[in-house]
Amino acid sequence: MASGTLYTYPENIRAYKILISAKYSGAQVKVVQDPPAFKLGETNKTPEFLKKFPLGKVPAFENGSGATLFEANAIAYYVANEQLRGTDDLSRAQVQMFVNLADNEIEPSASTWVFPTLGVMQFNKQATEKAKGHLRAVMGFLDEYLKTRTFLVGERVTLADISVACNLLLAYRQVFDKAFRQGFVNLNRWFVTFINQPEVKAVLGEVSLCEKAAQFDAKKFNELSGGGAKKEKKEKKEQKPKQEKPKQEKKAKKEVEEDEDEAPPPPKPKKDPFADLPPSNFNMDEFKRCYSNNDTETVAVPFFWEKFDKEGYSLWLCDYDYPDHIKSNRVFQTCNLVGGMFQRLEKLAKNAFASMIIFGKDKDTHIKGLWFWRGQDLVFNRSEDWQADYESYKWTKLDPDTEETKALVKTYFTWEGDFGGLVFNQGKIFK
């Protein structure tokens with residue numbers, strides 16, 4: 001049975017993987033994580049520590065014989081038992097597959113979303129929305145995979161469950177609120193089952209799921225990243241002999257200092273995403289009124305082609321790029337996916353129109369759609385506010401002069417015709 005000393009800091013997610021593994025296997029692990037025995041940024045930079053662990057990384061582990069290990073997955077594997085690692089070649093490969101997925105697909109996206117809410121990383125809207133989209137795709141795969149399974153590999157907890165759950169832990173605590181979790185019933189069931197295992201609770205304690213998604217706290221980030229330095233600089237200045245200044249000048253100086261320390265940076269002015277485009281004579285509102293109030297095939301489609309400005313606007317076909325993730329959805333779940341996309345693109349509506357179609361039936365769904373918008377390139381790159389969902393789709397630009405495109409416009413605008421073997425269920429209009 002493995003035994004040794006683990007060097008880390010409190011509430012380190014990577015260390016949780018090791019400690020949970022040790023609880024299952026019975027390995028005896030001594031944890032060194034509190035000052036003065038260990039202080040992150042100091043202890044791991046000392047010559048004594050670097051002699052054992054030259055990269056200075058934590059978690060770091062030393063067994064009873066003096067052998068050392070770093071990298072959490074390697075240490076977790078060392079303190080684990082056969083059941084956790086996999087009991088045959090296939091299960092061991094499957095465990096490794098999910099361990100890699102946890103580190104390469106889940107952790108980067110979850111960190112990008114969660115860390116700004118903890119004040120340890122600057123918020124970047126474009127990066128966060130992209131991370132959310134990627135995380136939804138991975139979680140959709142896991143949700144489908146867990147539909148008929150209690151655990152990820154076999155019938156008992158393995159390193160696969162430990163790695164994936166630990167990398168999702170902060171997100172479930174901080175940002176996966178009830179509304180977000182609704183689309184991942186099987187994944188939620190698995191996660192709750194895992195965190196309530198006695199061996200897991202012995203390490204994590206009680207885990208509360210997020211009620212309201214945490215947001216970026218600019219003041220907290222400023223305090224953690226620069227506030228301490230500002231305060232120290234200010235204290236040093238105060239130690240110097242001061243010359244008396246007029247009362248009014250002192251007051252003004254104080255107000256400036258308070259502004260520097262406390263006021264969040266002013267928001268960047270929003271620019272018109274279409275400012276670089278020449279004016280167009282196509283009236284989007286007029287077309288939308290025509291589409292809403294008249295027969296689609298006999299009035300709206302001819303009106304569209306009569307008024308369409310092919311120099312100022314472009315036509316695009318989209319196809320959901322992760323079909324296996326939604327194929328087994330119930331129809332309402334796939335509808336919600338499209339509805340959520342429409343909500344997040346609300347500010348694009350003045351310059352775009354789309355007909356999105358849900359195909360199939362419960363447990364056999366798919367999404368395709370036809371869009372047109374201002375400009376000749378993908379419109380989503382014009383604003384970071386529009387980038388939450390588009391990477392989940394494959395986009396194909398259409399030539400408005402071809403008969404094939406005219407047929408597609410008619411089919412998607414009327415919701416009738418040949419959809420390449422797909423069976424129409426219902427449509428949603430973005431307008």
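Leu6 stands opposite Phe61 in β3, in a model that is predicted. Strand β1 (residues 3-7) runs antiparallel to β3, and 4 bridges join the two; strands count as paired if DSSP finds at least two bridges between them. Helices (H or I, at least four residues) and strands (E, at least two) are DSSP runs, numbered from the N terminus.

Some housekeeping: residues are numbered from 1 along each chain as its sequence is written, and side-chain values use heavy atoms, with hydrogens and water left out. Local features need pLDDT of at least 70 and side-chain atom pairs count only at pLDDT 80 or more, while totals for chains, interfaces and linings use all residues.

**Around β3**
- On the other pairing, β3 meets strand β4 (residues 68-70) in the antiparallel sense over 3 bridges.
- Ala60 has Phe70 as its bridge partner in β4.
- A hairpin is formed by β3 and β4 with 4 residues between them, and Gly66 in the turn has a positive phi of about 95 degrees.
- From β3 (residues 60-63), Ala60 and Glu62 point one way, Phe61 and Asn63 the other way, and all are buried (under 20% relative accessible area; exposed is over 50% and partly exposed in between, with a 1.4 Å probe and protein chains only).

**Ser21**
- Ser21 sits in helix α1 (residues 13-25).
- Ser21 counts as buried because its relative accessible area is 0%.
- Setting aside neighbours within four places in sequence, Ser21 is in contact (heavy atoms within 4.5 Å) with Ala76, Val79, Leu84, Leu159 and Ile162.

**A nonpolar patch**
- Phe115, Val120 and Met121 make up a nonpolar surface patch, with about 230 Å² of accessible area together (Shrake-Rupley method, 1.4 Å probe; for residues, only the protein chains shown count as cover).
- Patches take residues with over 30% relative accessible area and no salt bridge, joining like charges within 9 Å and nonpolar side chains (Val, Leu, Ile, Met, Phe, Trp, Tyr) within 5 Å; a salt bridge is a side-chain nitrogen of Lys or Arg within 4 Å of a carboxyl oxygen of Asp or Glu.
- Met121 lies in the loop between α5 (89-118) and α6 (125-145), and counts as partly exposed because its relative accessibility is 30%.

**Whole protein**
- The average pLDDT (the predictor's confidence in each residue, from 0 to 100) is 87, and 89% of the residues score at least 70.
- Over residues 227-263 the pLDDT is below 50, and this stretch has 9 contacts in the model beyond near neighbours in sequence.
- The protein has 17 helices and 9 strands, and 43% of its 431 residues count as buried.
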